[in-house]
Amino acid sequence: MSAQAILGWSLNIAEFCLVLAMACAALRMLRGPRAQDRVLALDAFYVSGMILVLTFGIETGTTVYFEAVLVIALLGFVGTSALAKFLMRGETIE
Amino acid sequence: MMVATDLPDWAAILTSVLVLMGAILTLIGTVGLLRFKNFYARVHAPTLGTTLGIGCVLLASMFYFSILQSRPVLHEVLIAIFVTITTPITLMFLVNAALHRDWSEGDGHVPAKQTWKKSKPVKDDDEV
């Protein structure tokens with residue numbers, strides 16, 4: 001087995017692991033007993049999605065995915081902090 | 001598989017090891033998110049993905065594109081810095097909100113709220 005084949009297979013296995021991680025986070029988001037569990041699961045979901053898009057970028061060999069990862073990171077930060085602020089105060093914009 | 005063929009073997013092996021390590025660490029983190037019993041225990045688990053998981057995958061990406069284009073490709077450092085800065089901030093917001101909610105509901109599982117007047121002043125080591 002050549003090294004390129006090993007790289008391709010390990011990228012596929014990594015994508016499978018990351019999809020499984022996103023499924024775990026989604027399950028916690030559906031099941032989470034309280035709102036803060038759901039927000040935490042959403043944050044973990046965003047991070048797993050970011051890593052999944054990064055592995056897509058390595059697999060296709062293009063750097064276009066990098067901008068998508070940056071946008072996902074930004075939206076994850078804004079979304080999670082807005083939801084945390086909503087849980088704290090009951091309103092997001094004062 | 002659309003993996004580039006003009007990559008030296010050692011670079012391919014190193015990239016695959018780093019990507020696999022990052023993905024498996026992220027998976028372990030989210031399994032912990034699913035399995036822990038308490039919210040305050042669950043907060044710790046996904047940070048495995050946000051620190052070491054994304055760090056390994058970004059390192060692999062940097063390494064792969066630097067070897068492939070035979071020039072340093074370092075724009076992934078931006079993502080690393082951004083994630084490293086924002087994750088503690090969001091989790092601190094979230095845990096503050098959760099503590100606030102538990103205190104206001106009188107949940108017995110969290111310790112009582114400490115006020116500065118009641119508690120004794122804690123003496124730091126560098127104050128001596």
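Predicted model: local features only at pLDDT ≥ 70, side-chain atom pairs only at ≥ 80, totals over all residues.
Where in chain B is the place of Ser70(B)?

**Stop one: chain B as a whole**

Color chain B by secondary structure. The chain has 128 residues, and 32% of them count as buried. Now think about contacts in chain B between residues at least 6 apart in sequence: 54% of those join residues at least 24 apart.

**Stop two: helix α3 of chain A**

Select residues 65-89 of chain A. This is α3(A), with 25 residues. From first C-alpha to last, the helix reaches 36 Å, close to the 36 Å expected at 1.5 Å a residue.

Next, show side chains for the buried residues of α3(A): Val69(A), Ala73(A), Gly76(A), Thr80(A), Ser81(A), Leu83(A), Ala84(A) and Leu87(A). What lies over them? The cover includes α2 (35-60) of chain A, together with α4 (76-105) of chain B. Bring both into view.

Then step just past the end of α3(A) to Gly90(A), which takes a positive phi of about 90°.

**Stop three: where α2(A) meets α3(B)**

Two packed helices are described by the angle between their axes and the distance between the axes. The crossing is left-handed.

To see the contact itself, select these two sets:

- From α2(A): Ala44(A), Val47(A), Ser48(A), Met50(A), Ile51(A), Leu54(A), Thr55(A), Gly57(A) and Ile58(A).
- From α3(B): Gly49(B), Thr50(B), Gly53(B), Ile54(B), Val57(B), Leu58(B), Ala60(B), Ser61(B) and Tyr64(B).

Color the contact residues by type and you get 11 nonpolar, 7 polar and no charged.

**Last stop: Ser70(B)**

Back to the opening question. Ser70(B) sits in the loop between α3 and α4 of chain B. Check its backbone: phi is near 45°, a positive value in a residue other than glycine. Most residues other than glycine have a negative phi.

Is Ser70(B) buried or exposed? It has 8 C-beta neighbours inside 10 Å, and 12 or fewer means exposed, so Ser70(B) counts as exposed.

Methods: Residues numbered from 1 in each chain as written. Chains lettered and ligands numbered in written order. Helix = DSSP H or I, 4+ residues; strand = E, 2+ residues; numbered from the N terminus. Expected span 1.5 Å × (residues − 1). Buried ≥ 20, exposed ≤ 12 C-beta atoms within 10 Å, placed from the backbone. Contact = placed C-beta atoms within 7 Å. Left-handed = near helix turned anticlockwise from the far one by under 90°. Nonpolar A, V, L, I, M, F, W, Y, C, P; charged D, E, K, R; others polar.
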